[in-house]
Amino acid sequence: MKSAVLVFPGINRERDMARALKLVSGNDAAMVWHADTELPKGTDLVVVPGGFSYGDYLRCGAIAARAPVMDAVRKFAADGGLVLGVCNGFQILCESGLLPGVLMRNARLKFICRDVHLRVERADSPFTRGYTAGQVIKVPVAHGEGNYEADEDTVKRLEGDGRVLYRYCSPEGEIGESHNINGAAASIAGIVNERGNVLGMMPHPENHVEPIMGCTDGRGLFEGLAAHLKAAA
């Protein structure tokens, strides 16, 4: 698995992501600067990591979405390449038009930084094949604008097409207002595009990949991607 991790001014999770990718794949990820206009040859996976790109001025991800490298990412995605956006990366993917909707301020207007539970809605996508459908995993969040919103028709399409891959839930997998940490529509924590090759999610699976952190629930996402790419090779 040959990965490329984008680096923008203000991004701060690129090294966490690169470490997770190497732990699973055994390969170093290429770090791609925002001003670059091309991705490394042979790239299998592009990752847009979390942080505060450009200080989160204007709207979160709005400036990064217009960076030169994003034209290469849009072309890569259009050609079927796998793209993963986490936290600020999810915001950037929405702002760049690669995913529908927008990330708004958390419902209680407070920054949230803690472990949360997610229910895996499907296990037949490149981003979830490391899990089982209905499995509950625990991963950290760290965001102030993670409240996913879209118009009613868009949310219906996401639901009808099975494009919601991760949803906030209780430790037992129950979906409801009391478990929806940021007020996201339909408790959405992660969605894919129509083609299924672009995932945006707010929680940080890269921070739960090794036992020293007390939990390895995030590892399945990366192991699933590696397995998918190996099978496709």
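**View 1. The side chains of Glu206 and His204 meet in a polar contact.** The pair sits 2.7 Å apart; a polar contact here is a pair of N or O atoms within 3.5 Å, where within protein one must be able to donate a hydrogen and the other to accept it, and residues adjacent in sequence count only if both atoms are side-chain atoms. This is a predicted model, in which local features need pLDDT of at least 70 and side-chain atom pairs count only at pLDDT 80 or more, while totals for chains, interfaces and linings use all residues. Residues are numbered from 1 along each chain as its sequence is written, and side-chain values use heavy atoms, with hydrogens and water left out.

**View 2. His204 in its loop.** Look for His204 in the loop between β11 (198-201) and α5 (219-232); helices (H or I, at least four residues) and strands (E, at least two) are DSSP runs, numbered from the N terminus. His204 is buried, at 1% relative accessible area (buried means under 20%, with a 1.4 Å probe and protein chains only). Its side chain also makes a polar contact with that of Arg13, at 3.2 Å.

View 3. Glu206 lies in the loop between β11 and α5 and is buried at 4% relative accessibility. Beyond its neighbours within four places in sequence, its contacts (heavy atoms within 4.5 Å) include Arg13, Asp16 and Phe222.

**View 4. The annotated active site.** An unreviewed UniProt entry gives the annotation "active site" to Cys87, His204 and Glu206. They span 120 residues in sequence, yet no two of their C-alpha atoms are more than 11.2 Å apart, so they gather at one spot. UniProt positions follow the numbering used here, feature names are shortened, and annotations may be inferred rather than shown by experiment.

Definitions and conventions. Buried means under 20% relative accessible area, exposed over 50%, partly exposed in between (1.4 Å probe, protein chains only).
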